[in-house]
Amino acid sequence: MTGLTGAYVPGGSLLHRLPAGAKLAGLAVSCTALLLLRSPAALAGAAAAVVLLYAVSRVGLTAAWAQVRPVRWFAVALFCVQLVFADLPAAASSTLRVVLAVALAGLVTLTTRTGALMACLERCLAPVRFAGLDPFRLSLLLSLTLRSVPVMADLVTRVRDAQRARGVERSARAFAVPLVVGALRHADALGEALAARGLDD
C-alpha cells in the first residue's frame, strides 16, 4: 500500500530510525513552537533547522521539494492577503510558519513507514474503544488521509502539465475533469487494495 498511499523514502538515517511516536510528538511540539515564534530572525533560524533536518534525513531534493510544492501558490496568496492587513515582517512570518509546518509534516511521512504510522496512531486512539469505535480503522483513515496529500498534489501537477502541453491552461474544464477522473481512479485503486486485505466492510 506504500505505493498507493504515501511518499515514504527508504533510508537508514537517524530520522528513519526514530520511532513513529517520537516523530509525531516532535511534529506537534515543532508546530506549536512555530506559532510562538514572532520575529523573522527566529523563523529564519527555524527554517535553517528544517533544512538541516532534511539534510540529515537524506531523502533528496526532489522528495523535499515535493512536500512544499503543493502549497506554493497558497503561500503566495496568503502572503498577499496578510500584506493587506499587516506589515511586511508579519506577512512574511505568517507565510513562513505555514510552509515550515507543511515541510515538517512532509518530513514525517517521508521517513516513516505506513505500518509504523498506523500502529502509533492506533495506540494513541486506543481510548476510543470505550465509545464503540475501532482504533485500527480510525488510524487507517487518518494515515490514508495524510498519505493521500502528496498523491493528489502530484496529480494536480500532472494535470497542469498536460493542460500546458495542449495549450488550454486557462480552461477550468480542462483542469477539473481530468483531476476528478484521476482522483476517482486513485480511490478505486485504493479501495481494491483495501478489499484485497479484507478491509472493505
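Beyond the neighbours within four places in sequence, Leu34 is in contact with Leu43, Ala46, Arg97, Leu100, Ala101 and Leu104. Leu34 also belongs to the largest nonpolar core, a set of 19 residues, and is among the five that touch the most other members, along with Val50, Tyr54, Leu100 and Leu110.

Helix α7 gives the most, with six residues.

Reading along the sequence, the pattern is α-α-α-α-α-α-α-α-α-α. Among contacts with a separation of 6 or more, 69% are between residues 24 or more positions apart. Here are some overall values for the chain.

| Property of the chain | Value |
|---|---|
| Box filled by the C-alpha atoms, along the principal axes | roughly 55 × 45 × 35 Å |
| Residues that count as buried | 32% of 201 residues |
| Accessible surface | about 11,700 Å² |
| Part of that surface belonging to carbon and sulfur atoms | 69% |

As for charge, the chain carries 20 positive and 10 negative side chains. The centres of these two sets lie 8 Å apart.

Back in helix α7, have a look at alanine 92. Is Ala92 buried, partly exposed or exposed? Its relative accessible area is 34%, so Ala92 counts as partly exposed, because that value falls between the 20% and 50% cut-offs. Alanine 92 and leucine 141 are 49 residues apart in sequence, and their C-alpha atoms are 34 Å apart in space.

Finally, a word on confidence. The mean pLDDT of the chain is 81, and 91% of its residues reach 70 or more. Among the elements, α4 has the highest mean pLDDT, at 92, while helix α1 (residues 2-5) has the lowest, at 37. Over residues 1-6 the pLDDT is below 50, and this stretch has 19 contacts in the model beyond near neighbours in sequence. Where pLDDT is low, the predicted coordinates should not be read in detail.

Conventions: Residues numbered from 1 in each chain as written. Predicted model: local features only at pLDDT ≥ 70, side-chain atom pairs only at ≥ 80, totals over all residues. Heavy atoms only, no water. Core = buried A, V, L, I, M, F, W, Y, C linked by side-chain atoms within 4.5 Å. Buried < 20%, exposed > 50% of the residue type's maximum accessible area, 1.4 Å probe, protein only. Helix = DSSP H or I, 4+ residues; strand = E, 2+ residues; numbered from the N terminus. Contact = heavy atoms within 4.5 Å. pLDDT = per-residue confidence, 0-100. Areas by Shrake-Rupley, 256 points an atom, 1.4 Å probe, with all protein chains shown as cover. Lys, Arg positive; Asp, Glu negative; His and termini not counted. Charge placed at Lys NZ, Arg CZ, Asp CG, Glu CD.
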